[in-house]
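Work through the exercises below with the structure in view, trying each task before reading its solution.

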Amino acid sequence: MNIVVREATNADAQLMADLTRAAWAGKVAASSSGHHETAQQVQAQLRHGGGFLLLIDDIPAGSLRWMPLDSDPAIWKISRMGVLPAYRGSHVSQHLLEAIIHHGLSCQAEELRLAVRRDQRKLIDFYAAFEFELAEELEYSHANPAEPAPMVMRRLLRY
């Protein structure tokens, strides 16, 4: 299995929207906005932050995005991480996380944050293996008011 993670470009916006919807289908609650992702939304996020594509044997298999917080550009919010069902269980998502951690370090980001839906609690242990910690004092700014707010996790990049 040849695994490559590369930085996404504007030309990848439709692919990333398609990957998010396909990776989240049947996995993430139907009320999540990720199920309605458009190329235009992805392009806006890529312009403001960035993204990575996961390729397995040259086939797009997953992606993630990040954006700096408006209030503090040294803090990056990771979003829309997903791997297609055919590639789950082989630990390939770790390559996306490792890519954003290394990129954040090389760009002098101070902190990475991500949100975990309350119905996806098993992800807490996964992210904890990459030194993310629950940050109960932080609120997720884009929470759906009709659902329980997600849990925010953070990883400090500067100690």
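## Exercise 1: a charged pair

R65 and E37 form a salt bridge in which the closest N and O atoms are 2.5 Å apart, a salt bridge being a side-chain nitrogen of Lys or Arg within 4 Å of a carboxyl oxygen of Asp or Glu. This is a predicted model, in which local features need pLDDT of at least 70 and side-chain atom pairs count only at pLDDT 80 or more, while totals for chains, interfaces and linings use all residues. Residues are numbered from 1 along each chain as its sequence is written, and side-chain values use heavy atoms, with hydrogens and water left out.

Task: find where R65 and E37 lie, and decide whether each is buried or exposed.

Solution. Begin with the positions: R65 is in strand β3 and E37 in the loop between α1 and α2 (39–48), so the pair ties together parts that are 28 residues apart in sequence. Helices (H or I, at least four residues) and strands (E, at least two) are DSSP runs, numbered from the N terminus. Next take the accessibility, where buried means under 20% relative accessible area, exposed over 50% and partly exposed in between (1.4 Å probe, protein chains only). R65, at 0%, counts as buried, and E37, at 4%, counts as buried too.

## Exercise 2: aromatic rings

Task: how many aromatic pairs does a search of the whole structure find, and what kind of pair do F52 and W66 form?

Solution. The search finds 5 aromatic pairs. Rings of Phe, Tyr and Trp (its six-membered ring) pair if their centres lie within 6.5 Å, and planes under 30 degrees apart count as stacked, over 60 as edge-to-face and the rest as tilted. F52 and W66, at 5.1 Å centre to centre and with 35° between the planes, form a tilted pair. F52 lies in strand β2 (residues 50–56) and W66 in strand β3 (residues 59–68), so the pair ties together parts that are 14 residues apart in sequence. F52 is buried at 7% relative accessible area, and W66 is buried at 4%.
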